[in-house]
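Thanks for coming. I have one structure to show today. Let me put it up.

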Amino acid sequence: MRISFPEGFLWGAAGSAHQTEGNNVASDFWALENRPGLLPERSGDACDGYHRWREDLDIVRDLGLGAYRFSIEWARVEPVEGEFSLAALAHYRRLIEGCLDRGLTPVVTLHHFTSPLWFQKAGGWRALEATDRFRRYVRAVLPILGGVEWVCTINEPNMLAMMANMLKGTERKENVAGAMPPPDREVADALVAAHQAAREELAAAGLKSGWTVANQNFQAAGGATAERDEWAWSREDRFLDIAAEDDFIGVQAYTRVLIGRDGALPVPDGTRRTLTGWEFYPWALGGAVRHTAERVPGVPILVTENGIATADDGERVEYTTGALESLHAAMADGADVRGYLHWSLLDNYEWGSWRPTFGLVAVDRRTFARTVKPSARWLGGVARAGGLS
Ligand code: BGC
């Protein structure tokens with residue numbers, strides 16, 4: 001074995017509700033994607049994961065992976081303010097039990113980008129009542145979380161806060177792959193408060209929790225270290241620091257962003273890119289883990305997302321090999337990493353488009369038939385062997 005990972009290291013794949021389930025009609029993103037002309041494509045039936053989850057869990061198990069990350073959809077659980085759907089909660093309980101029955105560790109996210117439309121219409125994260133509303137949702141979900149050891153409260157709050165600014169449309173749009181406008185301060189503060197409220201509720205019920213941060217690997221170009229640090233603070237570091245009190249932190253890394261004296265630099269012409277336009281940079285994962293371990297020493301790390309949008313499945317193996325090598329090196333240098341969850345299990349809806357395919361498994365958009373790609377079998381082999389040979 002060339003590199004081996006510790007005994008008990010979690011190997012898995014990930015997805016999110018809106019991107020896989022289909023017909024998430026009570027959510028804010030559904031409203032957005034169905035506004036004529038705004039986004040290239042709609043989620044529609046997505047991967048019909050709401051009905052085909054058993055098949056998906058079977059695939060994860062049969063590959064030899066040991067964990068599955070998915071999210072609970074707030075808009076399904078509380079489609080109308082204060083009215084909770086017992087059937088939706090029962091659905092997600094079946095999903096959790098479906099994992100446990102197959103020997104898979106469920107990694108459950110409570111909020112993955114989407115909110116109920118009523119919540120958005122009532123002011124979204126900027127409303128005074130936002131934290132209480134989120135707390136009430138978390139309380140409703142608590143009874144179905146028995147047996148779950150990894151609860152992610154909010155997925156990529158930093159990205160959510162940056163998207164809030166993009167949607168306002170008042171911020172300068174930066175045409176830089178991987179780089180986004182600065183986070184909306186109000187939304188960022190609200191997400192911190194919501195996370196803390198959720199953590200409080202979960203801890204009182206004996207559940208461990210953390211949140212997942214979009215790690216953007218900000219690297220100083222031409223000695224612009226101070227500028228890089230300033231850039232990183234509002235976009236990433238303040239969200240990492242909050243995790244100092246948490247049971248774990250989720251690292252999500254795909255690429256890097258170079259920061260010069262005047263901010264983010266465009267990806268240079270001729271650079272190898274992925275289908276999302278990001279620089280092909282597998283070592284982002286090691287860098288993200290090192291940075292996270294430095295900011296919140298002692299907090300266990302779970303890689304909750306890492307992967308590549310590519311139509312070339314061989315490239316997925318190449319990318320993931322580099323990512324795992326860089327992860328292993330960071331662990332050898334002391335980072336406490338408990339597992340690696342590949343993004344994504346399925347070729348799922350990439351927030352406005354179906355073109356960037358991140359999946360280990362292809363999905364026929366008409367029949368919903370799943371086809372396991374060679375990269376999935378390769379990752380399953382890595383998981384079974386506990387490392388790369
Ligand atoms: C998100 C996923 C998304 C992925 C690739 C992350 O920002 O959590 O929902 O599909 O990156 O863009």
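Where in the chain is Trp-351 found? Trp-351 sits in the loop between β12 and β13. Hold on to that loop; I will return to it.

Ground rules, quickly. This is a predicted model, where local features need pLDDT of at least 70, side-chain atom pairs count only at pLDDT 80 or more, and totals for chains, interfaces and linings use all residues. Residues are numbered from 1 along each chain as its sequence is written, and side-chain values use heavy atoms, with hydrogens and water left out.

Now the overall picture. The protein chain has 13 helices and 15 strands. These are DSSP runs, numbered from the N terminus: helices are H or I with at least four residues, strands are E with at least two. The radius of gyration is 19 Å, close to the 21 Å that the globule rule gives for 389 residues, so the chain is as compact as a globular protein of that length. That radius is taken over C-alpha atoms, and the rule is 2.2 Å times the number of residues to the power 0.38. Along the principal axes, the C-alpha atoms fill a box of roughly 55 × 45 × 45 Å.

Buried residues make up 60% of the 389. Buried means under 20% relative accessible area, exposed over 50%, partly exposed in between, with a 1.4 Å probe and protein chains only. Next, contacts, meaning heavy atoms within 4.5 Å. Among those between residues at least 6 apart in sequence, 78% join residues at least 24 apart.

On to the backbone. Most residues other than glycine have a negative phi, and most peptide bonds are trans. Here are some exceptions. Trp-351 has a positive phi of about 45 degrees, although it is not a glycine. Trp-351 is buried, at 18% relative accessible area. The loop between β12 (337–343) and β13 (361–363) also holds Ser-344. The peptide bond from Trp-343 to Ser-344 is cis, with omega near 5 degrees.

Further along, Phe-368 lies in the loop between β13 and β14 (370–372). Phe-368 has a positive phi too, about 65 degrees, and is not a glycine. At 10% relative accessibility, Phe-368 counts as buried.

Last stop, Thr-20. Thr-20 lies in helix α1, residues 17–20. Buried or exposed? Thr-20 counts as buried, at 10% relative accessibility. A polar atom of the Thr-20 side chain lies 2.8 Å from the backbone oxygen of Ser-16. Leaving aside neighbours within four places in sequence, Thr-20 contacts residues including Asp-45, Asp-48, Leu-346 and Asn-348.

Terms used
A polar contact is a pair of N or O atoms within 3.5 Å; within protein, one must be able to donate a hydrogen and the other to accept it, and residues adjacent in sequence count only if both atoms are side-chain atoms.
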